[in-house]
Amino acid sequence: MARSSGSFRPRKHAPMRLLSKLLAQLYSPNVILTRHTHLSGRVLGRLAVFMGPVRVFTCMTLELPWLDNKNKISCIPPGKYTMKFEYSGKFREFLWELKNVPNRSEIKIHVANYPSELLGCIALGLSHADIDADGLLDLVSSRKAVDRFHEAMNGATSSTITITD
């Protein structure tokens, strides 16, 4: 059924998208990941995208625990990293990949709900919740969060991410 022009309602996130586009003309996106909870088997955090002084996106994160930066079983060290938006053959989609991580490669920001779906990468979600009834927090709505993150990056193909504990 077609809508009449008088019944048009803008999408919920339309004002933020417009703001992001305007700010992108002046600034490059800057990403900040703050790890706030270190639990057995997982690290929980919050990721924010800034265009200059304005935060245009926020979501929750999930990573593997710190195990001395060991490949495929540890989160990466805190620090500032370059990111590139590249095609991933494994995931069959374009994803952000962190570059120049000491002794590591292929560190992606991707969809995942549980630490078992990670090999040292960073997962995004809209919230933390115990979705598998094991008593531990997981990520909810990961696909939506990754899609919104990509939108917030507003067509950029490179950026930086600062990770803090």
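Mentor: A search of the whole structure turns up four aromatic pairs. Bear in mind that this is a predicted model, in which local features need pLDDT of at least 70, side-chain atom pairs count only at pLDDT 80 or more, and totals for chains, interfaces and linings use all residues. Residues are numbered from 1 along each chain as its sequence is written, and side-chain values use heavy atoms, with hydrogens and water left out.

Trainee: Why is the pair of Phe-57 and Phe-149 called tilted?

Mentor: Rings of Phe, Tyr and Trp (its six-membered ring) pair if their centres lie within 6.5 Å; planes under 30 degrees apart are stacked, over 60 edge-to-face, and the rest tilted. Here the centres are 6.3 Å apart and the planes stand at 45 degrees, so this pair is tilted.

Trainee: What makes it a tie between separate parts of the chain?

Mentor: Phe-57 is in strand E3 (residues 54–63) and Phe-149 in helix H2 (residues 142–152), so the pair ties together parts 92 residues apart in sequence. Those elements are DSSP runs numbered from the N terminus: helices are H or I with at least four residues, strands E with at least two.

Trainee: And how do you know whether Phe-57 is buried or exposed?

Mentor: Buried means under 20% relative accessible area, exposed over 50%, and partly exposed in between (1.4 Å probe, protein chains only). Phe-57 has 10%, so it counts as buried. Phe-149, at 0%, is buried too.

Trainee: What kind of pair do Tyr-87 and Phe-94 form?

Mentor: With 5.5 Å centre to centre and 70 degrees between the planes, Tyr-87 and Phe-94 are edge-to-face. Tyr-87 has 48% relative accessibility, so it is partly exposed, and Phe-94 is partly exposed at 43%.

Trainee: What makes a group of residues a nonpolar core?

Mentor: The group has to be a set of buried Ala, Val, Leu, Ile, Met, Phe, Trp, Tyr and Cys residues joined through side-chain atoms within 4.5 Å. The largest one here has 27 residues, and Leu-47, Leu-98, Phe-149 and Ile-161 have the most contacts inside it. H2 supplies the largest share of this core, four residues. Apart from it lies another core of nine residues, including Leu-62 and Leu-139.

Trainee: Which residues does Leu-98 touch?

Mentor: Leaving out residues up to four places away in sequence, the list includes Ile-76, Tyr-81, Met-83 and Ile-161. Contact means heavy atoms within 4.5 Å.

Trainee: How do you know that the buried residues of H2 line one face?

Mentor: They are Ser-142, Ala-145, Val-146, Phe-149, His-150 and Ala-152. Looking down the axis of H2, they fall within an arc of 160 degrees (taken from the directions from the helix axis to the C-beta atoms), so they line one face of the helix. Just after H2, Asn-154 takes a positive phi of about 55 degrees.

Trainee: Why is His-128 called buried?

Mentor: Its relative accessible area is 19%, so His-128 falls on the buried side of the cut-off. His-128 is in strand E8 (residues 127–129), and its side chain reaches the backbone oxygen of Thr-61 at 2.8 Å.

Trainee: How much of the chain is buried overall?

Mentor: Buried residues make up 39% of the 165 residues in the chain.

How values were computed
Polar contact = N/O pair within 3.5 Å; in protein donor to acceptor, adjacent residues only side chain to side chain.
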